[in-house]
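Dear colleague,

Please find below the structure for your review.

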Amino acid sequence: TELESLIDDLVRPIEDWPEPGVTFRDITPLLGDPAAYGAVIDGLVALAEEAGPVDAILGIEARGFLFGPSIALRLGVGFVPVRKLGKLPADLLSTSYDLEYGSSTLEMHVDALAPGARVLVVDDVLATGGTMMAAADLVSQAGGVVVGNLVLIELLALGGRERLAPIRCSALRSY
Ligand code: 5GP
C-alpha cells in the first residue's frame, strides 16, 4: 500500500547500531516529513479504531511519545506515559524486564488508569515484545485491561507477536 511504501522510504535501516549485528529502524526521516508523519498518524488511528473502544492510550518512552498522544487526541481519550526508571514524580507502579544484556525498569503512576480501564499500548517498533509485555504488566497492576498493542513497525523474526498473544498487535508495516 501507499502507507507501506512511505514507511519503506522514510524509515531507514541503520546497520550495526546500537551494536554489531543489529539493524536499527530509524524513524527520524519520517518525523521530518509532515505529510508522511500525518499519514502515519491517520493509519495508526484507523488501526486503533479497528482494535475497538478504549478508555486510554498508553505510550512508552521515548518513541511511543511521538505517536501515542496524537492518536489519543484523535480518539478523544487520555494519554498515559509509561516512563523509564526515576522519571515520574508521584506514587508509582514499577516492573522490570530482561534485555539481551542486563535489565530495564518501566514505571507508571498508580492513579494513571480508572479501575477496569481498557487500554491500547502504543510504541514505534515491536521487536522481541519484552517492552510491550512490561507495559501490560503495569496495566494489570493498575487494574486495567490491555485490549491491544499498536506499532508503526513490527520486526517479524523476533517473535514479538507470538510472545504477546493472546493480546493482539497491529502494525502499519512488517519486516
Ligand atoms: P522489544 O522490547 O520489543 O524487544 O523492543 C522494542 C523497544 O525497543 C521499543 O521501545 C522500540 O522503541 C525499541 N526498538 C527496538 N528495536 C528498534 C528499532 O530497530 N528501531 C526503533 N526505532 N526502535 C527499536
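The lining of the largest pocket consists of 35 residues, and those nearest the pocket centre are Phe 24, Arg 63, Leu 99, Ala 127 and Thr 131. A pocket here is an open set of points on a 1 Å grid over the protein atoms alone, where a 1.4 Å probe fits and protein lies on both sides within 12 Å along at least five of seven lines; lining residues have an atom within 4 Å of a point. The volume of the largest pocket is about 1,200 Å³, taken as the space filled by probe spheres set on the points, with grid points joined across faces, edges and corners.

This is a predicted model, in which local features need pLDDT of at least 70 and side-chain atom pairs count only at pLDDT 80 or more, while totals for chains, interfaces and linings use all residues. Residues are numbered from 1 along each chain as its sequence is written, and side-chain values use heavy atoms, with hydrogens and water left out.

At least two lining residues of the largest pocket come from each of strand S2 (23-26), strand S5 (92-98), strand S6 (103-109), strand S7 (118-126) and helix H5 (130-141). S7 provides the largest share, four residues. Helices (H or I, at least four residues) and strands (E, at least two) are DSSP runs numbered from the N terminus. By type, the lining comprises 18 nonpolar, seven polar and ten charged residues; Ala, Val, Leu, Ile, Met, Phe, Trp, Tyr, Cys and Pro count as nonpolar, Asp, Glu, Lys and Arg as charged, and the others, Gly among them, as polar.

The ligand sits in the largest pocket, meaning that more than half of its atoms lie within 2 Å of the pocket's grid points. S2, S7 and H5 are the elements that give two or more residues to the shell around the ligand. Among the surrounding residues are Arg 25, Arg 63, Asp 123, Asp 124 and Gly 130, a residue being near if one of its heavy atoms lies within 4 Å. The shell divides into three nonpolar, five polar and four charged residues.

Ligand oxygen atoms lie 2.9 Å from a polar backbone atom of Arg 25, 2.9 Å from one of Ala 127 and 2.7 Å from one of Gly 129. Polar contacts are pairs of N or O atoms within 3.5 Å. The protein covers 83% of the 500 Å² of accessible area that the ligand has on its own, by the Shrake-Rupley method with a 1.4 Å probe.

Finally, the backbone. The Trp 17 to Pro 18 peptide bond is cis, with omega near 5°. Asp 16, in the loop between S1 and S2, has a positive phi of about 60° although it is not a glycine.

Kind regards

Terms used:
A polar contact is a pair of N or O atoms within 3.5 Å; within protein, one must be able to donate a hydrogen and the other to accept it, and residues adjacent in sequence count only if both atoms are side-chain atoms.
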